[in-house]
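I opened this notebook to record what I looked up, entry by entry. The structure comes first, then my notes.

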Amino acid sequence: MTAEHQRLAVNASKAVPLVQWGPYLSERQWGTVREDYSPYGDAWHYFPFDHAHCRTYKWGEDGLAGISDYLQNLCFSVALWNGKDHILKERLFGLGNREGNHGEDVKELYYYLDNIPTHHYMEYLYKYPQQEFPYEQLRDENRKLGREEEEYEILDTGVFDDNRYFDVHVTYAKQAEDDIFIRIDITNRYNKAAEIHVLPTLWFYNRWSNKQMKEMPNISWLSKTSVKASHEALGNYYFYFQQANDALFTDNETNTQIVSGVENETIFVKDAFHHAVMDKHHVEELRNRKHGTKFSPVYKIKLAGGEKKTIYCRLSNQLLDNGFVKGFSDVFTIRKKEADDYYAAILPKGVNEDMARIQRQALAGLLWSKQYYHFDVERWLSTSDGITPVSNTKQTGRNHDWKHLKNQDIISMPDKWEYPWYAAWDLAFQCISMAVADPTFAKHQLLLIMREWYMKPDGQLPAYEWNFSDVNPPVQAWAALQVYSIEKKNTGKGDIVFLKKVFQKLLINFTWWINRKDVKGDSIFEGGFLGLDNIGVFNRSFHYSGEMQLEQADGTSWMGTYALDMMDMAIEIALQDASFEDTATKFFEHFVLIAEALNEHHLWNAEDKFFYDVLCVSGADPVPLRIQSIVGLTPLYAVSTIDKAALDKLEDFKKRISWFEKYRKKNKKFWPNEDRGDGEQILLSLVRKDRLENLLNKILDEDGFLSPGGIRALSKYHEANPYSVTVDGQPYTIRYDPGDSTSDMFGGNSNWRGPVWMPINFLIIQSIRKYGEFYRDNLLVEYPKGSGNKINLCQVADELTRRVISIFEKDAEGNRRCYGRYNWFYRQPGNEHLVLFYEYFHGDSGTGLGASHQTGWTALVAELISEYGRSKTGIEQMKKEALEDGIIPQP
């Protein structure tokens, strides 16, 4: 075992598998629902970026390259000033939803370079302009743009031209669990001298304003290179820092003069450091105070062109005479070596150097995206933030029926700036990638979302804080099986207790779906937008008046997948605990009924050979919404195989399905399984073989779904063939839209009308591979369509995987397709190995779009690289590349 594996083994024995200190600080607390106390739910306007530096938060903290303890009592992050900005750079800047032409978007350059599960080693890189940060330029230029135009990004402003910026490289290395060394490397990337102020900042989350503490915490002066931080719950910590130009104290209290026009009672407010550093305002008072709830040494550093200087700090629960004894910096070398050993142990051998970096940075981003999330809906609804009184409107507004939800946990976030809140189906995908790095934490996260302080009493899982009642696809059972299988494959042992816990909770959630989303009781399901924002020609979450119903191909397919996954889980458990055998039968029967409804109802269009949503109006013929999107590919996800050996051990289950099969076939009813010729396996799927071939024909068409970077969410067919429909007198149209969203549906910051999305590609690839393992060479398809090249489905899965990975890889000129027109920046020395993991990718070019740090579900590329590295196609391709590059000698 590596040193990190040994630490993880200790962590796994805890009731909650968390380390005390980690990257738990959000990158955006402003503009969130939980900080919104307005009567009408206008979160972006109520707490804008311009208040973040001077107004205290109620539900958490944020910062730049920061850490906190797991209850976020004490926080640390880095603040900067280039001598020109009107505020200190304490947090990442981005546009609110109404400021961007495609919704909210971070406008900064930062990178998660490295991390390991216990956070004993972490690296973060931030690029800070030496010219004035273009806050207003970014706002003004984006306001001018329409939805049809590309966003105006920070690399468009010119502030990074000629390398006129600082690299701020922050590294954390733990000496022990409660003893953390911090290294801040500042490099002048410009060819001329430049000056920067660096403020390593320590502060307490303001809980005292809510009367949640008996005693106010305190940071007090010890010496010119140390302070003491005292907290009634956390205990005492000591912050050691090298000799600085200054040391300032203030309090984490709102500057009411700026925020609400009320005169401050004290000068010691949250933004006091800004004024002290920039214009020397009250600097003597802050310097001489010697105590407070926010503290920072101030380093004024001048660097020659290309020069690097380093600042060291240390946060420890030990009182020491000298925080930096001789040889202290060796801890960074030791922890870096341990991180290298850890990744060498868990990642596949033989992948090329670039692919290995992509994989490691994806997992590093995933680990950096852990965040402290605090939200008590009942308290939020019934109390004031001290600025706005309690509103009666709010009592019947957003999330008013989720009063049971009381979250205070470390949760894996989709993106700590763009989505600094959990989303039920995002989290499921994130756990699959997390299982490679830390299966214990992955299992904990899946179970957490099902706990009673999350799941509604009726069984509904919370979607996300903007509307907990929205409905996301029910992927938790599938994700649990994926996590279970990854751990079993890597350790040789499956965690049956984990499966049992998940199964018991999902029984409740499955029942909620059956009772709430099957309106007619005919196994045809609704669900609304189901996480796919603007995939429909109209908003699928809108409830039309009168006798009108939208029967959803994906809602029905997701439920078929859910039933099949629950059956698989029950079978796996029943092999060790016979009491679960009859529940396997229960979910098998559910699956058969849903499969019948999907295939025998009007969701399959025989003319187009595709599944569609169908609009049903009383007294009229059903109207298929003939949109070739991933909605119609969702039936592919429901595929499973049962080994005959396992079936023979489950006599009651075998007897029941055998009777059920004979009964249905005798009565000429739909039957969804197929035996393989060798008699060793049974295939269960929503899609019979001929329809599978029909769907693959569209998937593998480069003029349809198949892009250079994977499967598009909407077929390119609709570029020349837009689809239109009129509902209640209102015309709607959808067309292929490969880039950013041109509609404002669900905020307009995501687009499912053409781009490539990682989670959907992962699901499709996994499903095609499952079909391929069953059919082997008995089913060959043309790849790509029209090429005349026939391959089996496992090979198709490999080829699709290769396309997805290629989005991130460097080509012969050093370009990565994900960077599009910004490759000029990422070809520069020092930037060539930096990789960003975007939310989705342009359907033609592969350029990254949406959130830029979605690791998050885009970290699934790490698992795809592992699968590719183990596949026959991948092994042969990597061997060929190694021969061509001279890494291995020619035979």
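I take helices (H or I, at least four residues) and strands (E, at least two) as DSSP runs, numbered from the N terminus. The model is predicted, so I note that local features need pLDDT of at least 70, side-chain atom pairs count only at pLDDT 80 or more, and totals for chains, interfaces and linings use all residues. Residues are numbered from 1 along each chain as its sequence is written, and side-chain values use heavy atoms, with hydrogens and water left out.

**Entry: backbone**

I began with the general rule: most residues other than glycine have a negative phi, and most peptide bonds are trans. I then looked up residues with a positive phi. Ser523 is not a glycine, yet its phi is positive, near 65°. I found Ser523 in the loop between α14 (496–517) and β20. For exposure I use these cut-offs: buried is under 20% relative accessible area, exposed is over 50%, and partly exposed is in between (1.4 Å probe, protein chains only). With a relative accessible area of 14%, Ser523 is buried.

Lys290, also not a glycine, has a positive phi of about 70°. I located Lys290 in the loop between α7 and β15 (291–292). Its relative accessibility is 31%, so Lys290 counts as partly exposed.

Which peptide bonds did I note as cis? One runs from Tyr783 to Pro784, with omega near -20°. Pro784 belongs to the loop between β32 (780–782) and β33 (790–792). Another cis peptide bond joins Thr855 and Gly856, with omega about 5°. Gly856 is in the loop between β35 (848–849) and α24 (860–870).

**Entry: helix α18**

I traced α18 over residues 651–666: it has 16 residues and spans 22 Å from its first C-alpha to its last, close to the 22 Å expected at 1.5 Å a residue. The expected span is 1.5 Å times one less than the number of residues.

Which residues of α18 are buried? They are Phe653, Ile657, Phe660 and Arg664. They cover an arc of only 60° around the axis, which puts them on the same side of α18. The arc is that of the directions from the helix axis to the C-beta atoms. The face turned away from this buried side carries the exposed residues Glu651, Lys655, Lys662 and Lys666.

I count a contact when heavy atoms are within 4.5 Å. The buried residues of α18 pack against α15 (553–574), α16 (581–600), β25 (639–643) and α17 (644–649). After α18 comes Lys668, with a positive phi near 55°.

**Entry: helix α6**

In α6 (residues 272–279) I found Ala272, Phe273, His274, Ala276 and Val277 buried. The elements that cover them include β3 (74–81), β10 (194–204) and α7 (283–289). Just after α6, Lys280 has a positive phi of about 65°.

Leu684 is in strand β27 (residues 681–685). Its relative accessible area is 1%, so Leu684 is buried. Setting aside residues up to four places away in sequence, I found Leu684 touching Leu564, Met567, Phe588 and Phe591, among others.

Thr561 lies in helix α15. Its relative accessibility is 4%, so Thr561 counts as buried. Beyond its neighbours within four places in sequence, Thr561 is in contact with Tyr637 and Ala638.

**Entry: a sheet**

I count two strands as paired if DSSP finds at least two bridges between them. An open sheet of three strands runs in the order β20-β23-β24, with antiparallel pairing. Its edge strands, β20 (548–551) and β24 (623–624), each pair on one side only. Two bridges join β23 (residues 614–617) to β24. I found Leu615 opposite Val623 in β24.

**Entry: rings**

Rings of Phe, Tyr and Trp (its six-membered ring) pair if their centres lie within 6.5 Å; planes under 30 degrees apart count as stacked, over 60 as edge-to-face and the rest as tilted. Searching the whole structure gave 80 aromatic pairs. The ring centres of Phe239 and Phe241 are 5.8 Å apart with planes at 35°, so the pair is tilted. Phe239 and Phe241 are both buried. Ring pairs link a cluster that includes Phe76, Tyr110, Phe239, Phe241 and Trp368.
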